[in-house]
Amino acid sequence: MRRAIALSGGGTKGAYEAGVWKALLELGIDYEIVTGTSIGAVNGALMVTRDYDLACEIWDTIEMDHIMVDGLNLTTTIEGMYNQRDAIRSFLKKYVKNKGADISPFYKFIDCLIDEEKVRSSDVDYGLVTVSVPNLKGLELTKEEIPRGMLKEFIMASSSIFPMFPMHRIGGELYLDGCYYDNLPIDLALKMGADEVVAVDLHTTPQHPNYVNKPYVKYIVPSRSLGTMMNFERSVLDSNRLLGYYDTLKAYGKITGFTYLFYQEDLDQYRAEILSFVSRVARTESYLTEGIFNKFVKPGDGKRLCGSIEEHIPREIYTRQDYFIGAAEICGEIFGLPKEEPWYLNEFGENLLDSLISSEEADLSLFEGLGSVELASRLAELKRKRDSKYIVGCIFHAYRVGKVDLKEQLGLMVFVPCELAAALFLLTMKGSVS
């Protein structure tokens with residue numbers, strides 16, 4: 001079986017692709033074909049020659065000055081653009097005068113980075129995408145089809161994102177960035193003989209949604225926005241690279257999660273807790289047809305608790321593990337646990353339980369036989385005065401001492417469903433945390 005790596009264009013978002021490469025190496029996933037567009041063509045050439053250390057060095061050190069003279073760092077914040085207001089005026093004046101940005105540093109960058117003979121002698125096939133002008137014809141070119149001595153020129157052509165960059169001239173012809181034809185060349189990889197494609201997108205909304213669920217495509221998509229295509233902030237580049245690494249491990253089932261990351265192998269040891277938690281949720285939710293709610297809710301309707309959990313799960317069909325992780329993430333967000341690195345569940349639970357208020361601090365008077373209307377009023381008042389973290393602690397300790405009966409569960413489910421889900425998760429974890 002021949003495996004291909006297809007790399008998307010996206011400027012500095014290409015740091016994400018370096019993170020994907022790191023994960024593929026760790027997973028032992030090799031390849032025989034690499035295709036790329038724009039920055040994907042640049043990263044792809046390094047993948048063809050297997051120069052991973054060089055790629056890491058590039059993404060560790062790259063700066064705006066390596067790409068253009070007096071360029072702009074396109075941040076996603078108003079403040080960031082405001083702080084560059086003088087640079088923007090200068091850039092626009094030079095842009096108009098020169099009919100485009102001065103990307104002479106990028107020529108030197110590519111010239112030093114790419115070793116054409118090494119690419120050609122590699123046993124890994126290589127293809128890129130560009131667009132010819134003025135007919136705007138998309139060109140899918142393999143290394144065999146690119147004239148010898150012209151590989152760097154066609155990588156430049158593939159990366160000429162007009163109008164930010166000027167069109168690239170080769171001989172008497174002009175070329176545009178390949179993104180104007182195919183920014184993620186999965187088709188090219190298949191035409192080159194791939195039986196399986198690892199497609200690395202740089203957009204949160206897949207550019208080729210028809211390939212997302214194909215059995216012969218492993219489609220890796222960023223789990224959050226990577227920002228702009230020309231952002232050279234070191235923190236952004238490093239964060240995007242790390243995200244590519246973790247998203248790839250997630251795609252291959254090594255880690256899981258939606259807004260947080262958990263080690264799947266570790267999570268497999270918590271099957272009993274997962275079953276216990278989901279059973280508790282199911283029973284709690286079934287009570288909505290009891291008491292005062294039976295006038296408004298029919299069996300199977302009004303899934304307020306599950307609905308709160310499902311809002312954290314970007315799927316249409318849910319597993320027990322999805323529900324468990326969804327509640328864990330609600331809890332993590334309420335207690336402000338960091339999201340950057342994967343968690344072992346035991347450590348995650350310990351951090352949460354250590355952050356809980358004590359039973360002495362909890363207001364258990366909420367659960368002292370109040371009528372439904374009064375309970376609703378007290379919960380609404382509590383939400384105005386105290387944060388969700390405190391409410392979770394009150395619910396947790398009330399359950400622990402047996403003060404939550406049918407009526408209280410109904411009130412909690414309707415008025416504080418996220419806090420209830422978090423408390424039920426913590427009750428499940430209490431018995432498993434060492």
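## The S3–S4 hairpin

How many residues lie between S3 and S4 in the hairpin they form? There are three, and Leu-136 in that turn has a positive phi of about 55 degrees. Strand S3 covers residues 125–133 and strand S4 residues 137–142, and the two pair in the antiparallel sense over six bridges. (Two strands count as paired if DSSP finds at least two bridges between them; strands are DSSP runs of E with at least two residues, helices are runs of H or I with at least four, and both are numbered from the N terminus.) Pick Thr-130, and its bridge partner in S4 is Leu-139.

## About the model

This is a predicted model, where local features need pLDDT of at least 70 and side-chain atom pairs count only at pLDDT 80 or more, while totals for chains, interfaces and linings use all residues. Numbering runs from 1 along each chain as its sequence is written, and side-chain values use heavy atoms, with hydrogens and water left out.

## Two nonpolar cores

The largest nonpolar core holds 59 residues, and Tyr-126 and Ile-155 have the most contacts inside it. (Such a core is a set of buried Ala, Val, Leu, Ile, Met, Phe, Trp, Tyr and Cys residues joined through side-chain atoms within 4.5 Å; buried means under 20% relative accessible area, exposed over 50% and partly exposed in between, with a 1.4 Å probe and protein chains only.) Helix H2, residues 39–48, gives the most to this core, with seven residues. Apart from it lies another core of 56 residues, including Ile-309, Tyr-323, Ile-330 and Val-404.

Back to Ile-155: not counting residues up to four places away in sequence, Ile-155 touches Ala-41, Val-42, Ala-45, Ile-110, Ile-114, Tyr-126 and Leu-128. (Contact means heavy atoms within 4.5 Å.)

## Helix H14

(The expected span is 1.5 Å times one less than the number of residues.) H14 is mostly covered, with 13 of its 16 residues buried.

Asp-322 is found in H14. Why does Asp-322 count as buried? Because its relative accessibility is 2%. Setting aside neighbours within four places in sequence, Asp-322 is in contact with Phe-258, Ile-313, Arg-315 and Ile-317.
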